[in-house]
Amino acid sequence: PLVLVDGIEREFSQIDPNEIESISVLKDASSTAVFGVRGANGVVLITTRRGKAGKTQISASTKLGLQQPISLVEQTGSYEFARFWNMKQVTNPKLYFTPEQVEAYRTGSDPIMYPSMDWKKYIFNNVYLQSQNNLNISGGSENVRYFISVGYTYQNGLLKELPGQMYDNNYRYNRYNYRANIDA
């Protein structure tokens with residue numbers, strides 16, 4: 001749908017909820033006709049908060065959350081892989097892994113030549129942080145009213161920061177929002 005914030009087109013995902021006064025959804029043909037073809041999938045009209053005459057009011061909010069993946073693909077270890085590979089190769093007279101190699105994977109006696117790595121534990125975080133912070137200032141007189149909002153949203157990624165890396169392969173989300181509505 002077409003999203004209009006105070007009459008200006010914007011992405012819905014980039015709007016801070018603390019700035020919203022009201023939301024109207026236009027979905028039938030007669031109400032979206034003024035928007036032409038762009039309103040064919042509906043129109044979302046968002047009105048942001050305005051200042052009210054009176055003393056200055058300051059409000060701050062912080063939301064913290066922890067995220068955790070619901071499920072990750074369970075993979076077999078090196079020992080199970082070697083055993084299953086040999087079972088698969090039973091029709092082939094030349095086995096890929098010798099019984100000594102399979103045993104070395106099982107016992108972990110030579111971790112350099114026969115490693116067994118749990119990549120899921122090594123690469124992925126178990127939980128990761130997200131936070132949303134906001135500061136609003138509003139007030140004014142009969143002639144001048146103001147509403148100022150500053151927000152910051154952070155969401156950490158699923159991947160761990162590995163030691164010795166030249167770059168950071170984790171994906172994070174940082175969003176800064178600011179809005180100043182001044183009515184004179």
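Before looking at any sheet, I noted that two strands pair if DSSP finds at least two bridges between them. Helices (H or I, at least four residues) and strands (E, at least two) are DSSP runs, which I number from the N terminus.

**Ground rules.** I am working with a predicted model, where local features need pLDDT of at least 70, side-chain atom pairs count only at pLDDT 80 or more, and totals for chains, interfaces and linings use all residues. Residues are numbered from 1 along each chain as its sequence is written, and side-chain values use heavy atoms, with hydrogens and water left out.

**Entry 1: the open sheet.** I looked up an open sheet of four strands and found the order S2-S1-S4-S3, with mixed pairing. S2 and S3 are its edge strands, each pairing on one side only. I then went through the pairs. S1 (residues 2–5) runs parallel to S4 (residues 43–48), and four bridges join them; I found Val5 partnered with Ile46 of S4. S1 and S2 run antiparallel, with two bridges, and here Leu4 has Glu9 of S2 as its bridge partner. S3 (residues 20–26) also pairs with S4, in the antiparallel sense and over six bridges. Ile20 bridges to Thr48 in S4. A reminder to myself: strands of a sheet pair through backbone hydrogen bonds, either parallel or antiparallel.

**Entry 2: Asp6.** Where does Asp6 sit? I found Asp6 in the loop between S1 and strand S2 (8–9). Its phi is near 50°, a positive value in a residue other than glycine. I also checked the cover: Asp6 is partly exposed, at a relative accessible area of 33%. For the cut-offs, buried means under 20% relative accessible area, exposed over 50%, and partly exposed in between (1.4 Å probe, protein chains only).

Entry 3: Next I turned to S5 (residues 54–67), which is hardly covered: one of its 14 residues counts as buried. S5 pairs with S6 (residues 128–140) in the antiparallel sense, over 12 bridges.

**Entry 4: Lys121.** I picked Lys121 in helix H4 (residues 119–123). Is Lys121 buried or exposed? It is exposed, with a relative accessible area of 62%. I also looked up Lys121 against Glu74: they are 47 residues apart in sequence, and their C-alpha atoms are 11 Å apart in space.

**Entry 5: the whole chain.** I stepped back and listed four helices and eight strands. From the N terminus on, they run β-β-β-α-β-β-α-α-α-β-β-β. The radius of gyration is 28 Å, well over the 16 Å that the globule rule gives for 184 residues, so the chain is more spread out than a compact globule. (That radius is taken over C-alpha atoms, and the rule is 2.2 Å times the number of residues to the power 0.38.) The C-alpha atoms fill a box of roughly 90 × 40 × 25 Å along the principal axes.

I found 27% of the 184 residues buried. With contact meaning heavy atoms within 4.5 Å, I looked at contacts between residues at least 6 apart in sequence, and 67% of them join residues at least 24 apart.
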